[in-house]
6 protein chains.
Amino acid sequence: MTLTHLDDSDRPKMVDVSDKDNTQRVATASGIIKVSNEAYEVVINNSAKKGPVLQTAVIAAISGAKKTSDLIPMCHPLMLTSVKIDVQELPELPGFKLYATAKLVGKTGVEMEALTAVSVGLLTIYDMLKAIDKGMIIENIQLEHKSGGKSGDFNR
Amino acid sequence: MTLTHLDDSDRPKMVDVSDKDNTQRVATASGIIKVSNEAYEVVINNSAKKGPVLQTAVIAAISGAKKTSDLIPMCHPLMLTSVKIDVQELPELPGFKLYATAKLVGKTGVEMEALTAVSVGLLTIYDMLKAIDKGMIIENIQLEHKSGGKSGDFNR
Amino acid sequence: MTLTHLDDSDRPKMVDVSDKDNTQRVATASGIIKVSNEAYEVVINNSAKKGPVLQTAVIAAISGAKKTSDLIPMCHPLMLTSVKIDVQELPELPGFKLYATAKLVGKTGVEMEALTAVSVGLLTIYDMLKAIDKGMIIENIQLEHKSGGKSGDFNR
Amino acid sequence: MTLTHLDDSDRPKMVDVSDKDNTQRVATASGIIKVSNEAYEVVINNSAKKGPVLQTAVIAAISGAKKTSDLIPMCHPLMLTSVKIDVQELPELPGFKLYATAKLVGKTGVEMEALTAVSVGLLTIYDMLKAIDKGMIIENIQLEHKSGGKSGDFNR
Amino acid sequence: MTLTHLDDSDRPKMVDVSDKDNTQRVATASGIIKVSNEAYEVVINNSAKKGPVLQTAVIAAISGAKKTSDLIPMCHPLMLTSVKIDVQELPELPGFKLYATAKLVGKTGVEMEALTAVSVGLLTIYDMLKAIDKGMIIENIQLEHKSGGKSGDFNR
Amino acid sequence: MTLTHLDDSDRPKMVDVSDKDNTQRVATASGIIKVSNEAYEVVINNSAKKGPVLQTAVIAAISGAKKTSDLIPMCHPLMLTSVKIDVQELPELPGFKLYATAKLVGKTGVEMEALTAVSVGLLTIYDMLKAIDKGMIIENIQLEHKSGGKSGDFNR
């Protein structure tokens, strides 16, 4: 069990992927925001408002995926070839579940890009609703699926 | 119950805070990352490694707080006057709990800055440990405390 | 007639506003994108699609306003207190007119922030529609109104 | 006629270019800024000043091209292999015409990079001259030429 | 002697300046780049080329000052009110000396902004000349003067 | 002797590397910060503090390498495949020497990335220690080694 992000002197490093193959990499992550009934109703019961709230989160999530290497110190800069976001309404929680799928043809995986997209999307929903409910909780940000690369596939 | 981030035509907007007072604002947020026993042991049992892993997260969290208005579309650019991060070891989970406290003397609150710092810090721990454990889950990102401003204090 | 952005040796500089008063500054800019009939129809005749196309432009415009000092070399970093975007449908052109209003309580005007928001919003509409029409033209990006500060008001 | 940037649920997405070929892509865009006689004279009649004004615009345009995927939400991050800017003096308008040519060996076109470079360059000229003339108008930002990629060439 | 950037647990922090006064802060830094005779001649003997080389450095230095809090993890985001750059030709070295002066009306000093501007400006000269000379050395980046704030003035 | 970053009209340009081969490029740069005895002692004699001071510099240096094309106007955006930082203690100076090695499989060299990493790392050490010593000097930022690409290897 080694920490790939530390060198022999235990200094943080950006892992050397120079010799890895350029293969297609895909990662899907998800996360949930649990909101109050009031906040949920305001978004869901008003189709004129649901659009802009959730689309702002979708757009922020996509932009967030592109900022991953700027946010996470040891992440490689990557040329993402696809980012897709889905938002599910969870009436029983109540809340929203946000999915992000990132793709790359490159030398390293895109798990962090998918997870960052989810985090930024959920933070944006929090921001849009925080005047109504400051007690919202972001939960279960997790990798759902990963394929491509030498370390093999991951499926939750 | 209104969505302050939508205008009369339901377009997203940056809320007008021009007429608000410059007061001292403080917000504390927290969040947890649940990791495998193996990942936890690698970090905790090796003081030479614990430092760089957790400090990378602390530094990323502080930098993340400063990027909030770049990440969250409707957030105001702010001149943060303080950001402090704490990391607790949770041996029973096992995992780590990260706290962020942001301060500002200004016209709007810093909840999003504290929440963004926590999110980026936890994502960084995920990144540092993902070669060992891809199943880690980020949980309970939430506002703990907020003070300052017209909307009053919040304490979880 | 002097170029305020050049010093005595004709080197570019960021103008010294240290001694200016903190006053309320407002600026409104506008611009137009002229699109083909086909592109216009696709957006306008489908309310399910009109929302995301125009809202993506609105969000990009707001984010763009916040990036002004990063884009325009001599612009001061500013703590915008408000950004609002409006989009008008121009069926006869056909095309869209985008308005941006930026506000600040500070030492320098926000014309560039309003103009940058308009430019980025219109570029985003171009991007959303370019698979249908690559011949679109962005026109008439101009300051509509400016108030606050020593140089007085401007109204087109 | 489809909006490639919307998915089946009409959510904005970054188009999936994973399976596209890496080919050489070139795009040229142009745009004009119309300025007052006074502003034009200050720049043109003083070679010591013309250099820094127009070069600031050139440099901002090149930097702007590199920021395209940060500004336009659905744009892919790209590794531009060339950006060239030209500025023409238009004494009869009076004003300036700015051209930007961007190149890439990659999976998607660089129209947005060329158009963004032009927009940022013209905004920079506005900024450099706005103490003399606030009524300047940015006009005719348009794609001139595009080659490479499956959608074929475009020539205005 | 304490390290103000570490908290009681020796974690990095952004120092709390919430209670400091808003006063005028000024800092000047300088640095040198030593270049080969050939590189120096190419720049100096050709006035058509000297302008763009040195102005690119000036513009990069000003933009660099604005990016300080993005580059240096514990730096506060600041609203700089002035940045001025000067470049001296040093024919005997040969090389160039770059000065940066930054100003702020705020709660913390601008030494890092002046030093960052100098560093980025000198790196830009290196970049512009590196096809001619890869052996150039950047030297003596140092604070020249600082005033404002509780810690008093500094003059080298 | 030509300035590759200027075009035929002496305008700055991003050099066209479209037709260059994708080869492995490596560059190592180094630089020194000379500090007071007091500042050196505080860092070195306290292992609890040495870690966070030097690791903050290491992390800032890696992040700085990734920002090179955002800082240096004519630099190409690059997908770095590796960044490693080393810090040596220089008790006799006293001070610290920071090394950065950057790698890329691509069309252009990574000298600027290595030099930028060194500069940002050293500025970060300055920032961490400036409450103790404002007279520190950053020296000898230079390329140590470069390989890959048509212009051949460089070894100091």
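## Model and numbering

This is a predicted model, in which local features need pLDDT of at least 70 and side-chain atom pairs count only at pLDDT 80 or more, while totals for chains, interfaces and linings use all residues. Residues are numbered from 1 along each chain as its sequence is written, and chains are lettered from A and ligands numbered from 1 in the order in which they are written.

## The contact of chain E with chain C

Chain E and chain C contribute 16 residues each to their contact, where two residues are in contact if their C-beta atoms, placed from the backbone, lie within 7 Å. On the side of chain E that touches chain C, helix H2 (47-66), strand S2 (82-90) and strand S3 (95-106) each supply at least two residues; helices (H or I, at least four residues) and strands (E, at least two) are DSSP runs, numbered from the N terminus. H2(E) gives the most to this side, with 6 residues.

By class, this side of chain E has 8 nonpolar, 5 polar and 3 charged residues, with Ala, Val, Leu, Ile, Met, Phe, Trp, Tyr, Cys and Pro counted as nonpolar, Asp, Glu, Lys and Arg as charged, and the others, Gly among them, as polar.

## Helix packing within chain E

Helix H1 (residues 37-44) of chain E packs with H2(E) at an angle of about 105 degrees, their axes 6 Å apart. That makes H1(E) roughly perpendicular to H2(E), a term that covers angles of 65 to 115 degrees. In this contact, E:Val42, E:Val43 and E:Ile44 of H1(E) meet E:Lys49, E:Lys50 and E:Val53 of H2(E), and the residues divide into 4 nonpolar, no polar and 2 charged.

## F:Tyr40

F:Tyr40 lies in helix H1 (residues 37-44) of chain F and is buried, with 21 other C-beta atoms within 10 Å, the cut-off for a buried residue being 20 or more. Leaving aside its neighbours within four places in sequence, F:Tyr40 is in contact with F:Val35, F:Pro94 and F:Gly95.

Key
Axes are lines fitted to C-alpha atoms, for helices over the stretch in contact, and angles run from 0 to 180 degrees between N-to-C directions. Angles under 35 degrees count as roughly parallel, over 145 as roughly antiparallel, 65 to 115 as roughly perpendicular and the rest as oblique. A residue is buried if 20 or more other C-beta atoms lie within 10 Å of its own, exposed if 12 or fewer, and partly exposed in between; C-beta atoms are placed from the backbone.
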